[in-house]
Amino acid sequence: MPGQMLGSPVLDRYGHIYVGASQLPRGYESRGLLVCLDGNSHQIRWEYRAAGAVESTPVIGDDDVIYFGDNAGVIHAVDFLGNALWTADVGSPVRSSGTILAPGQVAFGLDDETLVGLRCSSGGLATSGWPKLGLTLGQSGAK
């Protein structure tokens, strides 16, 4: 891995593993990545550079969009090919895992002890794989 993993990995329906990485090169500001690994070959598929170190655990929506936060206070929405869809500056580091609360709404806890909800394209959690930290059948709506 190209850095330290401080959050938990998540898995999409294609067998791709997503995990945040934090890097602190000597003499430079910390930086972060969302790394996508192929679960079969164990090779890195792509890396997405975040605004700050990534300690947040991503969450995957039912439309294959991956949402995560970084320590610079930015929440990112990235497609499964590693392309940025949008970012939102929320003004406080995001180290929590995200969740999709309802259709079109993703939420993260911030370091300033607030909760932020943002509009998103996902109707809910991905229905297969392991789309968030601590997934249970009750959290995905499956019976």
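1. In the hairpin of E7 and E8, five residues separate the strands, and Gly82 adopts a positive phi near 95°. Strands here are DSSP runs of E with at least two residues, numbered from the N terminus. The two strands, E7 and E8 (residues 84-89), pair in the antiparallel sense over five bridges; pairing requires that DSSP finds at least two bridges between two strands. Ala84 in E8 is the bridge partner of Val78.

2. The model is predicted: local features need pLDDT of at least 70, side-chain atom pairs count only at pLDDT 80 or more, and totals for chains, interfaces and linings use all residues. Residues are numbered from 1 along each chain as its sequence is written, and side-chain values use heavy atoms, with hydrogens and water left out.

3. E7 also takes part in a hairpin with E6, with four residues between the two strands. Gly73 in that turn has a positive phi of about 85°. Strand E6 (residues 66-69) pairs with E7 in the antiparallel sense over four bridges, and Phe68 has His76 of E7 as its bridge partner.

4. How many residues of strand E7 are buried? Five of the five residues of E7 (residues 74-78) are buried, so the strand is largely enclosed by the rest of the structure. Buried denotes under 20% relative accessible area, exposed over 50%, and partly exposed in between (1.4 Å probe, protein chains only). In a regular strand the side chains alternate between the two faces of the sheet. Both faces of E7 are covered, with Val74, His76 and Val78 buried on one side and Ile75 and Ala77 buried on the other.

5. Four strands form an open sheet in the order E1-E2-E3-E4, with antiparallel pairing. Strand E1 (10-11) and E4 stand at the edges, each with a single partner strand, so one side of each is left without a neighbour in the sheet. Within this sheet, strand E2 (residues 16-23) and E3 pair over eight bridges, and Ser22 stands opposite Gly32 in E3.
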